[in-house]
Amino acid sequence: MTNSQRPYDDRRTPLPPVQSPASGVPSPRVRAGQDVRPAKPGKQRDAFFDNAKYLAIVLVAVGHAWGQILDDRTVETLYRVVYTFHMPAFVLISGYFSRNFDLSPRHVKRLVSGVVVPYVVFEIAYSLFQRYGNDDPDHSVTLLDPTYHLWFLCALFVWRLTTPLWRTVRNPLAVSLAVAVLASVSPLIGDDLDMQRVLQFLPCFVLGLLLRPEHFQLVRRRSVRILSVPVFAAATVVAWWSVPRMRLNWLYHNTAAQEMGAPWWTGPVMVLATLGCSLLLTACFFAWVPRRHMWFTALGAGTIYGYLLHAFLVKAGNYTGWFDQPALAHPLGVLALTVCAAAVVTVLCTKPVQRALRCVVEPKMEWAFRDNPGASAPDRRPREAAERREPAEKVSA
């Protein structure tokens, strides 16, 4: 879990009771019957969410690999099923861990260092890679048009800035759905910061803000896991049927209805329908996420590294024509590509990669911020207190 994805909870862990090693007599602050075992420092991570993030990032990488060989209808069917829920699951988890975000200096620092800085660094890196790796010297370097998968960082920045709003208004989920529906019929929004995706995926983020731990307990029941099997089977059948009938842009949520040549009223219908399917499949996905520690649980803390880096390999494959190999037109070739994508993104989430790139993905940046941002602001409290007093009341110097 990265800095930008941790829950905003800085409560200190209380000191564990101590016991004199020489005499075995508890210290005065240890009461009778109290456990004297030392507590582990720091806050314990939830293995469920680390597992969910790792599995989601594997699906992201596999989906991006499949996206280069969509000539096969079976591959596109699986691609559509995965794209229905893998990013909504990521967005929902991001919203869940943003529940306590506010505009305090501490949270703003983490937003800048954990979201803005990685976006700027990797947007420039991918633009230069396009320019020199693809022999495209005229390719512009801009921060307003996110490259490929980097739209998520733009969206996360906007969503977290608006978190206090969603915690204040009544019926935030209904309001966010209205925003998504209006975006789907607004072709003039443009491509800057990929605002269509920011607005159309907004309900997933707001839903994450509203969820509590007990809600995730509901999908962990055995009955939900059993029901998820026919649900995924039905989703696969619908995806197969939709291949020649529905454009992928409806799953990308990056285009207004009019831009796809569809009647305006299809925008609200498709947004509500696809988001409903996304929520259903996301719940089924969470139902199968392991709750205990697995061999890949620790990798959940490094998913942002896999997310930011794996697209270099996807783009390199496109630049070199690697995805045009005849072997990828056969089932064994597709299987090998799937395993390769999962293995590569797994390596990119490991500790050595994190240590090597932490300076640009999770920089400290203490030099860029004031030690006490509120110290230079004038103290308005005495003046405001004086204004609240009765007019006849005298204020001493």
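How much accessible surface does the protein have, and what share of it belongs to carbon and sulfur atoms? The accessible surface is about 21600 Å², and 63% of that area belongs to carbon and sulfur atoms; areas follow the Shrake-Rupley method with a 1.4 Å probe, and for residues only the protein chains shown count as cover. The model is predicted: local features need pLDDT of at least 70 and side-chain atom pairs pLDDT 80 or more, while totals for chains, interfaces and linings use all residues. Residues are numbered from 1 along each chain as its sequence is written, and side-chain values use heavy atoms, without hydrogens and water.

The protein has 16 helices and zero strands, taken as DSSP runs numbered from the N terminus (helices H or I, at least four residues; strands E, at least two). Of its 397 residues, 44% are buried (under 20% relative accessible area; exposed is over 50%, partly exposed in between; 1.4 Å probe, protein chains only). Among contacts (heavy atoms within 4.5 Å) between residues at least 6 apart in sequence, 79% join residues at least 24 apart.

Helix α8, residues 202-210, is mostly covered, with eight of its nine residues buried. These are L202, P203, C204, F205, V206, L207, G208 and L209. They pack against α2 (73-96), α4 (151-161), α5 (163-166), α6 (172-183), α7 (195-200) and α12 (266-287).

On the surface, D145, D191, D192 and E259 gather in a patch of negative charge. Such patches join like charges within 9 Å, from residues with over 30% relative accessible area and no salt bridge (a Lys or Arg side-chain nitrogen within 4 Å of an Asp or Glu carboxyl oxygen). D192 lies in the loop between α6 and α7 and is partly exposed, at 48% relative accessible area.

How values were computed:
Patch = residues over 30% accessible without salt bridge, like charges linked within 9 Å, V, L, I, M, F, W, Y side chains within 5 Å. Lys, Arg positive; Asp, Glu negative; His and termini not counted. Charge placed at Lys NZ, Arg CZ, Asp CG, Glu CD.
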